[in-house]
Amino acid sequence: MNKDDQKLDLKTSSVQVQIQAQDDENYESDIDSYDNNISEKNVKSKALKARLQKPKKMFSEEVSDLLMDWLKTHAEYPYPTESERIELCEATRLSRKQLRIWFINTRKRKLEKVKYQVNELKRRDK
């Protein structure tokens, strides 16, 4: 390779490095502008706003503990009878609808974990 070819290679690689640096800067500025566009101020959709916020606690810890204790003792058949529903509503001061929805969501989200915990406790007691 002669000197002219070497100089040309150096110039080419120097230009490639400059282009890569510009691409990196453009990428970072694009990311920053994207982040600014989706900031909470610019979010217009209520559903998207709700997803960006922390989930709010619906019930006090005492209410959740009481319902979870009931669920643990009835893990094999986690459906309260009518009289149990009335008792739970009175004890927690939840409406029937709130209680029903709590049980639906908890059976869907946490029942397997509760059953596992109950079985672990039974094994340890033996």
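Which residues of α4 are buried?

1. Basis. This is a predicted model, in which local features need pLDDT of at least 70, side-chain atom pairs count only at pLDDT 80 or more, and totals for chains, interfaces and linings use all residues. Residues are numbered from 1 along each chain as its sequence is written, and side-chain values use heavy atoms, with hydrogens and water left out.

2. Helix α4. Leu88, Cys89 and Thr92 are the buried residues of α4 (buried: under 20% relative accessible area; exposed: over 50%; 1.4 Å probe, protein chains only). They lie on the same side of α4 because they cover an arc of only 100° around the axis, taken from the directions from the helix axis to the C-beta atoms. Glu87, Glu90 and Ala91, on the other side of α4, are exposed. The buried residues of α4 pack against α3 and α5 (contact: heavy atoms within 4.5 Å). Helices are DSSP runs (H or I, at least four residues), numbered from the N terminus.

3. Arg93. The loop between α4 (82-92) and α5 contains Arg93. Although Arg93 is not a glycine, its phi is positive, about 60°. Arg93 is exposed, at a relative accessible area of 76%.

4. Largest pocket. The largest pocket holds about 440 Å³ of space (a pocket is an open set of points on a 1 Å grid where a 1.4 Å probe fits, with protein on both sides within 12 Å along at least five of seven lines; lining residues have an atom within 4 Å of a point). α5 (96-125) and α3 (61-73) each supply at least two lining residues, and α5 gives the largest share, 7 residues. Among the lining residues are Met68, Trp102 and Arg109.

Note on methods: Grid points are joined across faces, edges and corners, and a volume is the space filled by probe spheres set on the points.
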